[in-house]
Amino acid sequence: MMASSSSSTAETPSSNSSAPQAQAQQQQPSSTRTVNASAMASNPDHPRKPINLLRGWPSASLLPTAALNAASQRLLSNPSLATPALLYGPDPGFEPLRGALAAWLAEFYGTPSDIERVAVSGGASQSVACILQSFTDPAYTRAVWMVAPCYFLACPIFADAGFGSRMRAVPEDEEGIELEVLEAGLRKMSDEEKGGEDGEERFKDPGPHRKLYRHIIYCVPSFSNPSGKTMSLRRRQGLLELARRYDALIICDDVYDMLQWQPTTTTSTPTPASGTGAETAAAPVDLNKALLPRLIDLERTLGPSPHDPPGKRFGHAVSNGSFSKLAGPGLRTGWTESAPDLAHGLAQTGSTRSGGAPSQFAAAVVYELLVSGALASHLRGALRPAYRRRHGLVVEAARRVLAPLYYDLGQGAEGMLVGGDDGVVAATGMVRSLAGRNDVFGGYFVWFRLPGNLKAEEVAKRCQAEENLAIGTGGLFAVQGDEEGPQFAHEVRLCFAWGGRGGPRGWGYAVGPGGLEDAARGADGGRGGRGWERAGRVEVDIDE
Ligand SMILES: Cc1ncc(COP(=O)(O)O)c(C=O)c1O
């Protein structure tokens, strides 16, 4: 019996509490609600333990509970910190945390430390809402341009700010956002504006501390959700250039930047029959340093923007950081870094001025976590090794189980990079999920196109019914409301952060024969089945 009532979303999936699930379901437009229901129905009577590769959460074993306990106790026994932590706070946030964060970010990104650029937030999602409240106007701001596939829970935030019918998908290739497509869209809108009657209508008066932008561009430049891709340096530069030309604010969810590791590199190209190549270690990289400059770091080197009001430097990019993936999402605490005028303007958001930055107490606990060195140890000693291991298991399972399918379907003969240039890739479709620098991967996700003409929805249903396995179907990550944009019916996202305590079972287990064999056959008139039979079933355990 399928319990369809316990459906969920990628980042708010099924658990014992039904209220958040219902709420999350409510956030979906009807088209994606259908996707969710089929992909996420869980069955308590299923003979197999559930595996959830849909949920975008850190697993319980990766929460720094003991360190947070110690940090809270230190905080509460020190009145000079405990009292301000429990009272209303300043608009830009708990000042000790801002200072410590500025220094920590400067160290990681190799930039000068400047507290005036940093504001504490209630996490990345809440921060996007505040940015929109302060720096956009549904009459004046033309559109929200989103890299597609996108982090789907960002869409309702843009819709709430009045952009429900004006979210536009911009596809990404191996280097990230496709700038020609973006530029064509921006140019078209600005040409239309020139011919139009107004262009200057607005509901809001930004006042002296804020400004209104013409466009918003939303992206996850490093280790993207869902594609796992990292935007190249030249695309970052080109994107910034476009934003400065068309008066756009680029909101960068930089939430995965610090979750990076070096995957095992496979040097020799294996045959379909052998499945694997020889493995070697890549040249070591300093994982305590950012892979690439953020867009805000690049902007620091540029002169004033022609769109800045006299005497102000708002700039065109804001970095949205979060402790959700570094410590725990329940903290609901994050930060923004930007030009000081933008940071100040953001702190003038109405809800922030009434009582100060959100999450004051949690911010104070995070401060303790940061200055004690516990956060850095957690990152180095727990998160990066665990995610590296889990990511490796997913890639290995793909190499053993999926790669032969691409070969059998004639998709692997050319350009199939099993252990190719990017070192870790299992098959043509998998290449896309692992693009970026070839010696570093990060984040929570892999994303790939299924072999043959398989539909992700069908595959998700079979996974759920036969293996009690939840996966993310590509349709969920299409930009909501942009029907002409890419729809991703054949793509899937797998999250290796949650895993779950399901015993010795994992992603590979569910894609062996008996799982998707028939579906593959159906898609290819029978040829696909041979791959499944040869590949066999893989058992991996992504629990700690
Ligand atoms: C790209 C991206 N942005 C934002 C968030 C949510 O961040 P927060 O918990 O800080 O609101 C997530 C969580 O999955 C994410 O993947």
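**Ligand shell.** I sorted the shell residues around the ligand by class and got five nonpolar, seven polar and two charged. My classes: Ala, Val, Leu, Ile, Met, Phe, Trp, Tyr, Cys and Pro are nonpolar, Asp, Glu, Lys and Arg are charged, and the others, Gly among them, are polar. Of the 14 residues there, the nearest are Gly123, Ala124, Ser125, Ser322 and Ser324. A residue counts as near a molecule or strand if its C-beta atom, placed from the backbone, lies within 6 Å of it.

**Ground rules.** This is a predicted model, so I note that local features need pLDDT of at least 70 and side-chain atom pairs pLDDT 80 or more, while totals for chains, interfaces and linings use all residues. Residue numbers start from 1 along each chain as its sequence is written. Helices (H or I, at least four residues) and strands (E, at least two) are DSSP runs, numbered from the N terminus.

**H6 and H7.** Two packed helices are described by the angle between their axes and the distance between the axes. I looked up helix H6 (residues 124–135) against helix H7 (residues 155–163): the angle is about 20° and the axes are 10 Å apart. Axes here are lines fitted to C-alpha atoms, for helices over the stretch in contact, with angles from 0 to 180 degrees between N-to-C directions. H6 and H7 are therefore roughly parallel to each other; the cut-off is under 35 degrees, with over 145 roughly antiparallel, 65 to 115 roughly perpendicular and the rest oblique. From H6, Ser125, Val128, Ala129 and Leu132 meet Ile157, Asp160 and Ala161 of H7. Contact means C-beta atoms, placed from the backbone, within 7 Å. By class, this H6–H7 contact holds five nonpolar residues, one polar and one charged.

**H5 and H13.** How do helix H5 (residues 95–109) and helix H13 (residues 360–371) cross? Their axes come within 9 Å and cross at roughly 40°, so H5 and H13 are oblique to each other. On the H5 side I list Pro96, Leu97, Ala100 and Trp104, and they meet H13 residues including Ala363, Tyr367 and Leu370. The contact of H5 with H13 has 10 nonpolar residues, with no polar and no charged ones.

**Sheet.** Three strands make an open antiparallel sheet, ordered E14-E17-E16. Strand E14 (445–449) and strand E16 (472–473) are at the edges with a single partner strand each, so one side of each has no neighbour in the sheet. E14 pairs with strand E17 (residues 491–495) over five bridges; pairing takes at least two bridges found by DSSP. Opposite Phe448 I find Val492 in E17.

Terms used: Contact = placed C-beta atoms within 7 Å.
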